[in-house]
Amino acid sequence: RREIRNETTLGTLWTEWLEKNAKVHKRSWRQDISRWENHLKKYQHRRLSELDTALIASIHTKIGVDTPYEANRALALLSSMFSYARSHLGFTGHNPCGPVRRFQEVSRERFLQPSELPKFFGALEAEPDPIIKDFIWILLLTGARRSNVQAMRWEEINLADGIWNIKPDDSKNKNPMTIYLSAEAVEILKDRRKNVPASIPWVFPSWGKTGHLMEPKKAWRALLERSGINDLHL
């Protein structure tokens with residue numbers, strides 16, 4: 001009974017894995033936080049031994065009803081956490097994620113067609129949330145990775161020269177990266193600067209834990225519905 005009481009819970013494992021492993025070794029750890037909050041946090045009080053393959057498969061299936069890709073990424077996240085528990089926390093059980101069959105993922109190489117452009121931009125102009133609207137425009141105008149735009153800081157931007165300097169910690173290749181901003185992108189950012197309090201460091205602030213916008217799934221789905229476009233990824 002004492003061993004059971006003292007056994008590591010999924011929430012405890014998550015906290016240690018995030019701080020000591022993900023933030024140290026992964027550039028995409030912010031996306032892991034989003035997956036934890038959206039899909040896995042509800043199981044945080046479960047002991048690791050309670051998370052058997054049947055339960056993991058059930059979690060994977062529930063997520064996959066709407067987003068097979070996210071289900072596979074959440075499964076990979078859990079698998080990585082269990083591997084960490086075995087090597088660092090003395091967990092002696094097996095990794096329950098191994099036998100779970102991943103969903104087949106359809107190629108994500110889907111682009112807007114010429115006939116879809118007027119519908120898409122019309123729907124974008126009708127977007128009621130100015131943060132979402134500006135976020136999508138900056139994605140389009142810079143071609144930058146979504147995670148970089150989500151975490152864009154005012155201190156990185158030189159509006160006078162039209163330059164965005166992404167710090168090494170935020171770039172995938174671990175090197176500083178400079179993106180030259182078009183006149184249209186600069187105008188959008190100037191308007192954002194007027195509407196964002198000086199005390200907020202993020203260009204696209206949010207009420208979430210990170211303080212900045214994460215993947216706006218609901219807003220993106222609504223935009224696609226307004227435009228009548230299917231199977232287009234942000």
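User: What does Thr12 count as, going by relative accessibility?
Analyst: This is a predicted model: local features need pLDDT of at least 70, side-chain atom pairs count only at pLDDT 80 or more, and totals for chains, interfaces and linings use all residues. Residues are numbered from 1 along each chain as its sequence is written, and side-chain values use heavy atoms, with hydrogens and water left out. Buried means under 20% relative accessible area, exposed means over 50%, and partly exposed is in between (1.4 Å probe, protein chains only). Thr12 has 46% relative accessibility, so Thr12 counts as partly exposed.

User: Which helix holds Thr12?
Analyst: Helices are DSSP runs of H or I with at least four residues, strands are runs of E with at least two, and both are numbered from the N terminus. The helix that holds Thr12 covers residues 10-25. It is α2.

User: How many helices and strands does the chain have?
Analyst: Read along the sequence, the pattern is α-α-α-α-α-α-α-α-β-β-β-α-α. The secondary structure comes to 10 helices and 3 strands.

User: What share of the residues of the chain counts as buried?
Analyst: The chain has 234 residues. Its C-alpha trace spans about 65 × 40 × 30 Å along the principal axes. The buried share is 41%.

User: How far apart do the centres of the positive and negative side chains lie?
Analyst: Lys and Arg count as positive, Asp and Glu as negative; His and the chain ends are not counted. Each charge is placed at NZ of Lys, CZ of Arg, CG of Asp or CD of Glu. The chain has 37 positive and 28 negative side chains. The centres of the two sets are separated by 6 Å.

User: Which residues have the most contacts inside the largest nonpolar core?
Analyst: A nonpolar core is a set of buried Ala, Val, Leu, Ile, Met, Phe, Trp, Tyr and Cys residues joined through side-chain atoms within 4.5 Å. The largest one has 32 residues. Those with the most contacts inside this core are Ile157 and Trp164.

User: Which residues are in contact with Ile157, leaving aside neighbours within four places in sequence?
Analyst: Contact means heavy atoms within 4.5 Å. With that cut-off, the partners of Ile157 are Met152, Ile163, Trp164, Leu181, Leu189 and Val203.

User: Why do the buried residues of α6 line one face of the helix?
Analyst: The buried residues of α6 are Phe120, Ala123 and Leu124. An α-helix has 3.6 residues a turn, so residues three or four places apart point the same way. The arc is that of the directions from the helix axis to the C-beta atoms. Seen down the axis of α6, the buried residues line one face because they fall within an arc of 100°.

User: What arc do the buried residues of α10 cover?
Analyst: The buried residues of α10 are Ala219, Trp220, Leu223, Leu224 and Ser227. They sit on the same side of α10, because the arc they cover around the axis is only 135°.

User: Which elements do the buried residues of α10 pack against?
Analyst: Look at α6 for the other view: the cover over its buried residues includes α7 and α10. From the side of α10, the buried residues pack against α6 and α7.

User: Which exposed residues does α10 carry on the face turned away from its buried side?
Analyst: α10 is followed by Gly228, with a positive phi near 70°. On the face turned away from the buried side, the exposed residues are Lys218 and Glu225.

User: Which residues does Val196 touch, not counting those up to four places away in sequence?
Analyst: Val196 lies in the loop between α9 and α10. Its relative accessibility is 5%, so Val196 counts as buried. The residues that Val196 touches are Trp154, Trp202 and Val203.

User: Is Ser199 buried or exposed?
Analyst: Ser199 has its place in the loop between α9 and α10. Its C-alpha atom is separated by 33 Å from that of Lys42, 157 residues apart along the chain. With a relative accessible area of 69%, Ser199 is exposed.

User: What distance separates the C-alpha atoms of Arg27 and Ser147?
Analyst: Arg27 is in the loop between α2 and α3 (29-40). At 33% relative accessibility, Arg27 counts as partly exposed. Arg27 and Ser147 are 120 residues apart along the chain, and their C-alpha atoms are separated by 9.5 Å.
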